Amino acid sequence: MIIHGEGKMCKKNSWKLIGCAVLLLLGLAVWMAAAGREGGARPAAQIRESAEMPVFIESCRIDKETEKVVVKVSAEGIPESDDAYYYLFALNPYEEEIAEGSPFLRREKEKETVFHTDMKLLCKYVVAVKRDGHYEAVSNPHYITNPEAVSVFVSNGQPPSGKKGLLIDPAKLLHPELEELGIQHAAYNIPVSRILGHDNEDIYEAVHYSYEGKDYVFNGRVMAEYDLIFRTLTGKGIEITAIILNDYSPEYPWLVHPLARSGIGKSPYYAFNGSEGQGAEYLAAIAAFLTERYSGVMNGRGVVSNWVIGNEINARKEWNYMEHVDLETYVREYVRAYRIFYNSIKSVNSACRVYISLDNQWNRVNILTRSYRAKDVLDEFNRQIKEEGNIDWGLAIHPYNKPLTKTDTWNRSFYVWESEHTPVVTMDNIHVVTDYMQRQEFLTDEGQVRPITLSELGYTSSEGEELQAAAIVHAYKVAEANPHIDSVLFSRQTDAEEEAERLRLYLGIDHMDGSHKYAYEVFCHMDTEEGEKYTEFAKDIIGIESWDEVTGK
């Protein structure tokens, strides 16, 4: 929320105007210098800072039959060097410079060159030449873009026929409510500190896992808890979306990004650390372990179909803490970690979808927290992904009302516009996002619109239970009619005490004592053959005669 302060205007005096201008310029210079310091020094020889690379990596893909990586390279002109060769390097995700060690492979320089090399799943490949006895990059880095080629699992079972979802109450997992509600999608959080175990843990409880020659320990008790939850939901035919959250544990400090460690204790979640070796290795192992454990219906632990990496990452101070840096650097560090998760997950189960998470602040910045605009992060994320190898990422967005205590979505606030320049996106203008994602630059390589899920959305009952129920119906009708929205997961099944006390938000369709609100029966039936009977009341509240006025049909 932007807090607007009152400022004093300069008097109409030329010298005072000049003085104001000078002070403003000085202040801007100081702010920019501080922002630069927060970003940290960047290596002078960073590969991506070479503006015009003479060599272009057209593709970097795994050959399914040989499991070799095929790197196709082209160049308009042959770059000069000490010899007649291109050299191929495989850099770890956290490496930004070519080391002076031996290259991965070499080929004679031609306008079109193909390398066939051993697979390094998480690495980025770079073409270099030798000049004055040293290797110099002549291409931008490029990651493997089809990690699913080596996946063991290729299906998540029958996809849901509807879009209705809910953030479930684990205390009601075995309660008949889940069947009554008829939900087809469920969201669940996985904080990484909870699932990691310890070497001194009881051998019968700890889960030991080997990945890339290293051993990792996961908390057996906590994993048994997730097993029960995911197995139960899968057994009920509910598609699961798991949100991986990077909370802090003093026993695993390397999971937090170096530029986030100064903020320990300031946020519930922190930027993932893909910029250091130990952090990157742990992220890959966590992703592979979770995907292996929750893929395949027959393993008895359930199936997770969708993985969301982080929470509302544009809200850098609230939910993805990192020191304030320039947008490119901020997104670069998220992309680095996202790639690790994506390639690790897809190499295990090709059917999984992997999402970036954004909030509703589409073109709006909180000047107090110095957050980033969701649209800016989305644009930069897409640019960087395409620059280093396009993959099938998805978007998970949270189109809450502004403010959160506002329930009547259809009565637009100042922040909600009918254009891509809108400060905020809600369910009244969510088409702005899906229209934007249909642009050519955002499509997959196959020309398809990327998966879009509304992974978190809620309305408080503090202004009346019928008003809350009408808002839920309105949101569902809009999502149901939009062909580019795959699911809408409402928050939540039961009111949360902390939200109620701190924010006056009562987002559940059940009260904290377990009793049902007016929205409960509406939620149960709004997508059934009896839907009209249970949703008719909402038309009067919204002020419409037909749902076509809401859905645009």
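## An antiparallel sheet

In this predicted model, Val 55 has Ala 75 of strand β2 as its bridge partner. The strands concerned are β1 and β2 (residues 69–75), which pair in the antiparallel sense over seven bridges.

These two strands belong to an open sheet of three strands, arranged in the order β1-β2-β5 with antiparallel pairing. Strands β1 (55–62) and β5 (112–117) stand at the edges and have a single partner strand each, so one side of each is left without a neighbour in the sheet. On average, neighbouring strands of this sheet are turned by 15° against each other, direction ignored.

## The packing of helices α5 and α6

Two packed helices are described by the angle between their axes and the distance between the axes. The axes of helix α5 (residues 277–293) and helix α6 come within 8 Å and cross at roughly 35°. This crossing of α5 and α6 is right-handed.

On the α5 side, the contact involves Ala 280, Leu 283, Ala 284, Ala 287, Ala 288 and Thr 291. These meet Ala 337, Ile 340, Phe 341, Ser 344 and Ile 345 in α6. Of the residues in the contact of α5 with α6, nine are nonpolar, two are polar and none is charged.

Just after α7, Gly 389 takes a positive phi of about 120°.

Which residues of α7 are buried? They are Ala 374, Lys 375, Val 377, Leu 378, Glu 380, Phe 381, Asn 382, Gln 384 and Ile 385. The elements that cover the buried residues of α7 include α6 (327–346), β15 (353–358), β16 (394–397) and α8 (431–436).

## Val 354 in strand β15

Strand β15, one of the elements covering α7, contains Val 354. Is Val 354 buried or exposed? Its relative accessibility is 1%, and residues under 20% are classed as buried, so Val 354 counts as buried.

Leaving aside residues up to four places away in sequence, Val 354 touches Trp 307, Ile 309, Tyr 338, Tyr 342, Ile 345, Lys 346, Trp 393 and Gly 394. One of these, Tyr 342, is 12 residues from Val 354 in sequence, and the C-alpha atoms of the two residues are 6.3 Å apart in space.

Conventions. Residues numbered from 1 in each chain as written. Predicted model: local features only at pLDDT ≥ 70, side-chain atom pairs only at ≥ 80, totals over all residues. Heavy atoms only, no water. Pairing = 2+ DSSP bridges. Helix = DSSP H or I, 4+ residues; strand = E, 2+ residues; numbered from the N terminus. Axes fitted to C-alpha atoms, helices over the stretch in contact; angles between N-to-C directions. Buried < 20%, exposed > 50% of the residue type's maximum accessible area, 1.4 Å probe, protein only. Contact = heavy atoms within 4.5 Å. Left-handed = near helix turned anticlockwise from the far one by under 90°. Nonpolar A, V, L, I, M, F, W, Y, C, P; charged D, E, K, R; others polar.
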